[in-house]
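Visitor: Could you walk me through this model, a few residues and strands at a time?
Guide: Gladly, let's look at it together.

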Amino acid sequence: MSGCKVADGYGTMLVTAVGLNTEWGLVMATISEDNGEETPLQVRLNGVATFIGKVGLAVAVLVFLILIIRFFTGHTEDKYGKPMFKAGKTSVGDAFNGIVKIFAIAVTIVVVAVPEGLPLAVTLTLAYSMRKMMADKALVRRLSACETMGSATTICSDKTGTLTLNQMTVVKAFIAGESREPPDTTEGLPPVIQALLVEGISQNTTGSVCKSKGSGEMEVTGSPTEKAILSWALKLGMNFDDERSKSSVLHVFTFNSEKKRGGVALKREAFSSLTLLLALFLNSNA
């Protein structure tokens with residue numbers, strides 16, 4: 001049953017693994033792994049660094065050759081104005097020291113040419129860009145994404161829970177042949193219809209209503225649709241626990257996308273010898 005989805009009905013499930021221990025978790029972990037792909041900015045920076053390195057190396061080789069030629073032709077002078085190399089007179093040790101100094105100059109050119117502060121400068125720039133985007137209410141989790149988000153012209157986002165509060169509410173109801181908008185008041189609603197509506201909502205749900213220990217306010221749990229309908233029933237005067245205790249559920253007509261409704265068959269506890277089947281349906285578009 002791993003990887004299956006429940007299409008219809010209710011049931012009891014035994015969880016044997018969660019997170020990365022499940023097949024779905026392994027798939028999501030594989031998708032979210034960093035594949036090491038470089039961003040466009042990193043590609044350009046690597047190209048610039050490579051170009052600067054090649055230019056610096058070429059200049060260092062050129063300077064080394066020029067200084068070597070000048071050294072062995074006697075054009076390099078010491079601090080006293082005398083040539084540092086004279087053929088047949090300069091010792092091997094002095095000549096070697098001169099070559100080492102020239103080589104050190106060439107190495108210095110290569111070291112200076114390598115942009116060591118470039119990565120730090122880029123990181124600081126991206127961090128500054130992230131702060132600017134946070135001021136515009138755009139949170140960027142990765143610095144490398146700043147260059148992409150900074151140049152974006154259109155952002156497509158899921159509105160539920162992102163652009164909204166993910167809290168559904170009942171704004172219109174069709175009861176007893178009348179359209180009620182807003183439907184939060186019981187004014188003009190027959191008591192029989194109100195009682196039947198409250199009973200149907202309290203029984204035909206998998207959510208629950210309980211009182212918060214801290215604030216003492218009623219807390220509604222369940223799917224977003226069920227929470228919206230239960231919250232609406234509370235405004236109509238529903239006492240969830242009392243309504244659930246008045247009757248017992250005999251059969252559940254599960255929600256179906258084709259019928260677009262669900263229902264329950266109830267047995268009222270007040271009738272000891274008589275079983276009353278009452279089908280209560282709630283339209284999913286309510």
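Visitor: Is Ser247 buried or exposed, and what is its relative accessible area?
Guide: Ser247 has its place in strand E5; helices (H or I, at least four residues) and strands (E, at least two) are DSSP runs numbered from the N terminus. Buried means under 20% relative accessible area, exposed over 50%, and partly exposed in between, with a 1.4 Å probe and protein chains only. Ser247 is therefore buried, at 5%.

Visitor: Before we go on, what kind of model is this?
Guide: Residues are numbered from 1 along each chain as its sequence is written, and side-chain values use heavy atoms, with hydrogens and water left out. Local features need pLDDT of at least 70, side-chain atom pairs count only at pLDDT 80 or more, and totals for chains, interfaces and linings use all residues, as this is a predicted model.

Visitor: Which side chain does the side chain of Ser247 join in a polar contact?
Guide: A polar contact is a pair of N or O atoms within 3.5 Å; within protein, one must be able to donate a hydrogen and the other to accept it, and residues adjacent in sequence count only if both atoms are side-chain atoms. The contact here spans 2.9 Å, and the partner of Ser247 is Gln203.

Visitor: How many bridges join strand E5 to strand E6?
Guide: Two strands pair if DSSP finds at least two bridges between them. Phe253 stands opposite Gly263 in E6, and in the hairpin, with 4 residues between the strands, Lys260 takes a positive phi near 60°. E5 (residues 247-256) and E6 (residues 261-268) run antiparallel, and the number of bridges is 7.

Visitor: In the hairpin of E3 and E4, which residue takes a positive phi?
Guide: Strands E3 (residues 208-211) and E4 (residues 218-221) run antiparallel and are joined by 4 bridges. Val209 has Val220 as its bridge partner, while Lys211 has Met218. This hairpin has 6 residues between the strands, and the residue with a positive phi near 80° is Gly216.

Visitor: What is the relative accessibility of Glu243, and does that make Glu243 buried or exposed?
Guide: The side chain of Glu243 meets that of Lys246 in a salt bridge (3.6 Å, N to O). Lys246 is partly exposed, with a relative accessible area of 48%. Glu243, by contrast, counts as buried, at 14%.

How values were computed
A salt bridge is a side-chain nitrogen of Lys or Arg within 4 Å of a carboxyl oxygen of Asp or Glu.
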